[in-house]
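Student: I'd like to learn how to read aromatic pairs in a model. Could you walk me through one?

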Amino acid sequence: MALNNNSQSGFQDFLPLMAEKLGGEGLIGELCNGFRLLMDAEKGVITFDSLKNNSAVLGLGDLTDDDLLSMLKEGDFDGDGALNQMEFCVLMFRLSPDLMEESQFLLEEALEQEFNI
């Protein structure tokens, strides 16, 4: 991925902290809020234009067009040129190696809360 180190480091620093403070369910909720801030309201997905126009809201205003396109390409699993909510959440986890290591714990915690295990 071509994101500059400052942007990638920011994700690595903040997502694990958010996970620790909010738990699995809270983190997913915050990621969903981030998705809604970045998405094109009419299309319901994050497009290049919506990402470019709204990225400053999340402190990503210094990303270049190439960085934004790389981000879209990295997370676009279905090849439609945009990110749906699931693709966005998966991308955020992938950008945070520390959080990936903790993801099994977060998944188990979310399942326990969902099914009252």
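Tutor: Gladly! Let's begin with the fold: from the N terminus on, the elements run α-α-α-α-α. Helices (H or I, at least four residues) and strands (E, at least two) are DSSP runs, numbered from the N terminus. The chain has 5 helices and 0 strands. This is a predicted model, where local features need pLDDT of at least 70 and side-chain atom pairs count only at pLDDT 80 or more, while totals for chains, interfaces and linings use all residues. Residues are numbered from 1 along each chain as its sequence is written, and side-chain values use heavy atoms, with hydrogens and water left out.

Student: How many aromatic pairs does the rule give?

Tutor: Rings of Phe, Tyr and Trp (its six-membered ring) pair if their centres lie within 6.5 Å; planes under 30 degrees apart are stacked, over 60 edge-to-face, and the rest tilted. Here the count is 1 aromatic pair. Phe35 and Phe88 form this tilted pair, with 5.9 Å centre to centre and 50° between the planes.

Student: Which parts of the chain does the pair link?

Tutor: Distant ones: Phe35 belongs to helix H1 (residues 5–38) and Phe88 to helix H4 (residues 85–94), 53 residues apart.

Student: Is Phe35 buried or exposed?

Tutor: Buried means under 20% relative accessible area, exposed over 50%, partly exposed in between (1.4 Å probe, protein chains only). Phe35 is buried, at 2%, and Phe88 is buried too, at 5%.

Student: What percentage of the residues of the chain count as buried?

Tutor: Of its 117 residues, 36% do.
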